[in-house]
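Please look over the sequence and the structure first, then read the points below.

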Amino acid sequence: MESDIKKEIKWCMQKEEQVSFLAEKIRQADAVLIGGGSGLSSAAGYNHYHWLPYMEECLQDFKEWYGLKSPFDGFYYCYSSPEQQWAYYARYIQSMWDAPTGQPYYDLRDIVAEKEVFVLTTNIDMQFERIFKKERICDYQGNSGYVQCSQPCHDQIYSNVEMIRRMNENIRELRVTSELLPRCNECGRIMVPWVRDDTFLEGKDWREGVRRYENFLKKYLMNGTDKNVVLLELGVGEMTPSIIKLPFWEMTYKNEKVFYACLNKKKSSAPEHIKDKSIYIAGDLAETLRDLKENIAGKEM
């Protein structure tokens with residue numbers, strides 16, 4: 001009965017009270033596991049599923065010519081030639097290289113500054129890499145800052161910053177010249193962005209990221225550890241729930257000292273069996289993270 005009463009009180013909280021409640025959970029935590037989804041980048045102004053001003057300005061000519069419904073629509077569009085396809089890739093990826101780091105990412109950094117932290121993300125836009133060290137990140141769906149062989153014929157990915165810059169300097173009529181198409185040094189096939197599709201290379205770099213994630217779980221969530229851990233799910237949608245959302249629910253259920261927090265634009269719900277160990281805070285994610293940072297900073301002063 002007492003547990004049920006606590007559930008009802010928590011789920012009836014106003015947003016300000018929810019933020020304060022979560023801030024206290026984070027202050028008490030030994031570690032924080034962040035699950036970062038596309039909604040976090042959208043809160044920073046970089047929406048890959050809808051046209052927001054920054055991406056639309058960068059890709060306006062492609063959007064109009066091909067009738068693209070979103071930046072990702074252009075990424076998976078069936079172009080007539082690799083010269084057209086790589087012209088879009090180049091412009092799209094350049095927009096991510098050039099994008100300023102979003103304020104929500106800075107706020108997130110400050111929120112967990114004093115904690116052991118790890119990031120599991122499905123985002124490909126390189127925002128997390130500006131805030132957290134590589135050894136603290138698992139890019140489960142890849143990273144648009146790298147390319148791989150389209151076969152793939154060998155187990156290696158390559159930074160694309162210079163080739164992307166050269167292609168962007170030479171886009172003419174929404175095409176790049178054939179000479180600038182990136183080709184594999186091993187087999188000569190055209191290379192592709194290291195982003196999840198049917199050719200995605202789950203090679204040594206991907207496996208290393210997964211290994212880092214698993215090591216974090218072993219340290220803080222497995223083998224009878226007695227640690228307070230907050231699972232902080234940020235802007236995660238329903239497209240690939242098996243990567244972040246469902247595992248977070250399971251870890252919360254199985255570990256007594258784990259607390260699950262879901263922050264997203266739209267209201268959602270938790271499974272009944274973890275409602276006494278979770279909280280959902282709906283609303284503008286940028287505002288929520290700002291308020292959470294201010295709350296934590298205020299209590300520490």
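Helices (H or I, at least four residues) and strands (E, at least two) are DSSP runs, numbered from the N terminus. By that rule S278 lies in strand β9, residues 278-282. The model is predicted: local features need pLDDT of at least 70, side-chain atom pairs count only at pLDDT 80 or more, and totals for chains, interfaces and linings use all residues. Residues are numbered from 1 along each chain as its sequence is written, and side-chain values use heavy atoms, with hydrogens and water left out.

- Strands of a sheet pair through backbone hydrogen bonds, either parallel or antiparallel.
- Two strands count as paired if DSSP finds at least two bridges between them.
- Six strands form an open sheet in the order β3-β2-β1-β7-β8-β9, with parallel pairing.
- At its edges are β3 (137-139) and β9, each of which pairs on one side only.
- From one strand to the next, the twist averages 15°; axes are lines fitted to C-alpha atoms, for helices over the stretch in contact, and angles run from 0 to 180 degrees between N-to-C directions.

- Which residues of β7 are buried on each side? On one side they are V229, L231 and E233, and on the other V230, L232 and L234, so that both faces are covered; buried means under 20% relative accessible area, exposed over 50%, and partly exposed in between (1.4 Å probe, protein chains only).
- Because six of the six residues of β7 (residues 229-234) are buried, this strand is largely enclosed by the rest of the structure.
- Strand β1 (residues 31-36) pairs with β7 in the parallel sense over six bridges.
- Within that pairing, A31 stands opposite V229, and L33 has L231 as its bridge partner.
- Strand β8 (residues 258-264) also pairs with β7 in the parallel sense, over six bridges, and L263 in β8 is the bridge partner of L234.
- A right-handed β-α-β unit is made by β7, helix α10 (residues 245-254) and β8; right-handed means that, with the strands pointing away from the viewer, the path from the first strand over the helix to the second runs clockwise.

- Five bridges join β8 and β9 in the parallel sense, and L263 stands opposite I281 in β9.
- Four of the five residues of β9 are buried, so the strand is largely enclosed by the rest of the structure.
- S278 is buried, with a relative accessible area of 0%.
- I274 is in the loop between β8 and β9 and is buried, with a relative accessible area of 0%.
- Not counting residues up to four places away in sequence, I274 touches W249, T252, Y253 and Y260; contact means heavy atoms within 4.5 Å.
- I274 and S95 are 179 residues apart in sequence and 40 Å apart in space, C-alpha to C-alpha.

- Helix α2 (residues 15-28) lies across β1, β7, β8 and β9, and runs at about 135° to β9.
- Helix α10 packs on the sheet and touches β1, β7, β8 and β9, its direction making about 150° with that of β8.

**Nonpolar cores**

- A nonpolar core is a set of buried Ala, Val, Leu, Ile, Met, Phe, Trp, Tyr and Cys residues joined through side-chain atoms within 4.5 Å.
- The largest one has 65 residues, and L22, I34 and F132 have the most contacts inside it.
- Helix α6 (residues 82-98) gives the largest share of this core, eight residues.
- Apart from it lies another core of 29 residues, among them C138, V210, I244 and Y260.
- Leaving aside neighbours within four places in sequence, the contacts of I34 include L108, F132, L232, L234 and F248.

**The three-stranded sheet**

- A further open sheet has three strands in the order β5-β4-β6, with antiparallel pairing.
- β5 (158-159) and β6 (191-195) stand at the edges with a single partner strand each, so one side of each is left without a neighbour in the sheet.
- Strand β4 (residues 142-149) and β5 run antiparallel and are joined by two bridges, with V147 opposite Y158 in β5.
- Helix α6 lies across β4 and β6, at about 40° to β6.
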